[in-house]
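Here are my notes from a first pass through this one. Have a look at the sequence and the structure, then read the points below.

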Amino acid sequence: MDIAVAGVGYVGLVTAACLAEKGHKVACVDVDVEKVALLQRGKSPIYEPGLEELIRKNRERLLFTADYAAACRRADVIIIAVGTPEEPDGSVNLQYVWEAAKQIAQTVEKDCVVAVKSTVPVGTSDQVERWIYEHRKHPVHIEVVANPEFLSQGTAIKDTLHASRIVLGVESPHAEKVMKEVYDPFYLPYVVTDRKSAEMVKYASNVFLALKISYINEIANLCEMVGANIEDVAEGMGMDPRIGSRFLRAGIGYGGSCFPKDTKALRWLADGCDYELKTVQAAMEVNESQKVKLIEKARTYVSHFRGLEVAVLGLTFKPGTDDIREAPSLANIAVLLEEGANVRVWDPVGMENAKRVFPKEITYCSTIEEAVANADICFIFTEWPEIRQFDVRQYANLMKTPLVLDGRNCYSLASAREAGIIYESIGRKRVC
Ligand code: NAD
């Protein structure tokens, strides 16, 4: 099929590469001309394992352009995968979706299906269809489908090629048939429903995962108080198939471009219906306090951060991505800087993005050793494999005071004890 994808961010680009891998011809259009230029040279503008290789492998079926007409004019299906950031009041900014819809309405010259893959409030796909229909330049038949995305950054290609389900929110058998032609080569289970329910599946799923994270984090906090070990507790819980082991890793809270914004958007939707989503509100509050948990722990060892050498390992909101949007590291670094600490950071791929937030205020190091050398305190915010595999004894050898505050439980308590470091983690006994 001829498919167009609007927006080559984490979702659009991975989707496009995977659709090309399955034999479709995919034209990608983005308003960011720098991204398009990079892609035309075979380079990925984002870090996602295996993505650049997949793009290169399928380059003959992939086109990158900033020209909507070139991408959409003759497409059978147009996928909207632009960003939907949050507004200060928690509602969703749909500006980019409307811009994409406008371009599509002006450029399509044949019947097509438009699939909204961006995460959008319930009812948006209905509005997009009405809008495109009213503003289309040519008398063509256009139907809109809600087709939410569930991939996770860091494992996005696997998540797309082997997704747990394809959700199709359709209002006609024709739209369902066309969308199944897109996804049949993936051999994945379908959930076919109406547009509003499909949009709700996305929010309800994401927010459920956020709740699961906040729940395990609260249990971790309680474990610390009563002397239990959250790793063992989570293992024992996760073996129950009714619970499942994923998203039961205690830590310093969720971040990224999805969970924080999607929880707020669902609450905003409920507010509009005069309904209070109490569980969601609680999960958000728990996450906010969890984010600064390590700073609180650090204050039990030092009276202030002024003039202290502070090492920060891990900047991205999770391993496997260069994305630092809403990463807990940012809020913590901001506190450390405000209180006068000298901050030295290391992250394998997140430092370029961090330089846009902290261009001069912090020191970027090329190795973990460089970041921790002579440090008074070390904070760990992301469980990168390089950090997990780092020899714990090195903290004792290199730091001024071997005080390690680990927000992702990277090391066993036994290894910390053996190395002779002071080690604080989440939901486990302190080692000192
Ligand atoms: P992103 O910010 O990485 O990418 C968005 C892209 O859209 C950018 O390249 C931007 O230049 C482009 N864009 C903006 N306006 C445009 C326009 N008018 N026409 C064409 N391109 C335009 O965003 P993302 O992380 O890929 O997320 C996209 C959507 O998918 C969001 O709604 C998000 O909530 C949802 N989602 C994201 C994830 C994830 O893990 N990142 C997972 C599932 C769903």
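Predicted model: local features only at pLDDT ≥ 70, side-chain atom pairs only at ≥ 80, totals over all residues.

1. On the ligand: the shell around it is made up of 26 residues, and the closest are Gly7, Gly9, Val11, Ser118 and Thr119. Two helices, α1 (10-21) and α5 (95-107), each contribute at least two residues to that shell. As for its make-up, I'd note 12 nonpolar, nine polar and five charged residues.

2. Helix α12 (residues 278-291) passes a simple length check.

3. Which residues of α12 are buried? They are Val280, Ala283, Met284, Asn287, Gln290 and Lys291. Looking down the axis of α12, you'll find these buried residues within an arc of 130°, so they line one face of the helix. Lys278 and Glu285, on the other side of α12, are exposed.

4. What do the buried residues of α12 pack against? Their partners are four helices you can pick out in the viewer: α9 (195-226), α11 (259-272), α13 (293-299) and α14 (328-338).

5. Now to the start of the chain. Met1 sits in the segment before β1 (2-6). It counts as partly exposed because 15 C-beta neighbours lie inside 10 Å, and a residue needs 20 or more to be called buried. Setting aside neighbours within four places in sequence, Met1 is in contact with His24, Asp76, Val77, Glu181 and Val182. Another pair to look at is Met1 and Ile142: they are 141 residues apart along the chain, and their C-alpha atoms are separated by 16 Å.

6. Asp274 deserves a look at its backbone. Its phi is positive, about 55°, although Asp274 is not a glycine. The residue belongs to the loop between α11 and α12.

7. You'll find Asn374 in the loop between α16 (368-372) and β12 (377-380). With 11 other C-beta atoms within 10 Å, Asn374 counts as exposed.

Definitions and conventions. Residues numbered from 1 in each chain as written. Near = placed C-beta within 6 Å. Nonpolar A, V, L, I, M, F, W, Y, C, P; charged D, E, K, R; others polar. Buried ≥ 20, exposed ≤ 12 C-beta atoms within 10 Å, placed from the backbone. Arc of directions from axis to C-beta. Contact = placed C-beta atoms within 7 Å.
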